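The sequence and the structure are shown first.

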Amino acid sequence: MSDLDDLYQEIILDHSKRPRNFGPIEGPSSKAEGYNPLCGDRVTVQLRLENDVVKDVHFQGSGCAISMASASLMTESLKGKTKAEAEGLFQGFHELLTGQSAAKPELGKLAVFSGVREYPIRVKCATLAWHTLRAALRDSEGQTRQVSTE
Ligand code: ZN
């Protein structure tokens, strides 16, 4: 195992044990619930959008280390991003996980999930929070959308 792999493992473990931006936010402008039946991961994403900019984003839920670490790192990556930038990050993240492309610089810390491509079943764990986020971004009417990775 390379040093980089060790570092990546450490970041994922850290975020799964001590998730950032965990819990509800005051007055979310939208939210969505996601479920990955293959693994049993559940994630709720709440966000506050102002003029198409993500002002705040939090998550709640339970699941495997990959799903929780991914949700935690996602919330850190999104603050201050526009909807379009968030969508771009999701595309880059998805391409990284499915092996379609290498980690792009704008992914930053999200590159720690590059090893997940070796475990296709785990891709759904890592992308659950992102699918849930996209559902929340589409929702501006205050309705809670539900997504499933199947
Ligand atoms: Zn999982």
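Predicted model: local features only at pLDDT ≥ 70, side-chain atom pairs only at ≥ 80, totals over all residues.

1. The nonpolar core. The largest nonpolar core comprises 42 residues. Within this core, the residues with the most contacts are Leu47, Ile66, Leu78, Phe93, Phe113, Trp130 and Leu133. Two or more residues each are supplied by helices H1 (3-17), H2 (65-78), H3 (83-97) and H4 (120-138), and by strands E2 (41-50) and E3 (53-62). H4 makes the greatest contribution to the core, giving ten residues. In soluble globular proteins, nonpolar side chains tend to be buried together.

2. Geometry of H2 and H4. Two packed helices are described by the angle between their axes and the distance between the axes. For H2 and H4, the axes come within 8 Å and cross at roughly 40°. The two helices are therefore oblique to each other, and their crossing is right-handed.

3. Residues between H2 and H4. From H2, the residues Ile66, Ser67, Ser70, Ala71, Met74 and Leu78 take part in the contact; from H4, they meet Arg122, Cys125, Ala126, Ala129, Trp130 and Leu133. By class, the residues of this contact are nine nonpolar, two polar and one charged.

4. Leucine 78. This residue lies in helix H2. Is leucine 78 buried or exposed? Its relative accessible area is 0%, so leucine 78 is buried. When neighbours within four places in sequence are set aside, leucine 78 is in contact with Val54, Val57, Ala86, Leu89, Trp130 and Leu133.

5. Asparagine 21. Most residues other than glycine have a negative phi. Asparagine 21, although not a glycine, has a positive phi of about 55°. The residue is found in the loop between H1 and strand E1 (30-36). With a relative accessible area of 19%, asparagine 21 is buried, because the class covers values under 20%.

6. Aspartate 52. Here too phi is positive in a residue other than glycine, with a value near 70°. Aspartate 52 is placed in the loop between E2 and E3. Its relative accessibility is 43%, so aspartate 52 counts as partly exposed.

Terms used
Residues numbered from 1 in each chain as written. Heavy atoms only, no water. Core = buried A, V, L, I, M, F, W, Y, C linked by side-chain atoms within 4.5 Å. Buried < 20%, exposed > 50% of the residue type's maximum accessible area, 1.4 Å probe, protein only. Helix = DSSP H or I, 4+ residues; strand = E, 2+ residues; numbered from the N terminus. Contact = heavy atoms within 4.5 Å. Axes fitted to C-alpha atoms, helices over the stretch in contact; angles between N-to-C directions. Parallel < 35°, antiparallel > 145°, perpendicular 65-115°, else oblique. Left-handed = near helix turned anticlockwise from the far one by under 90°. Nonpolar A, V, L, I, M, F, W, Y, C, P; charged D, E, K, R; others polar.
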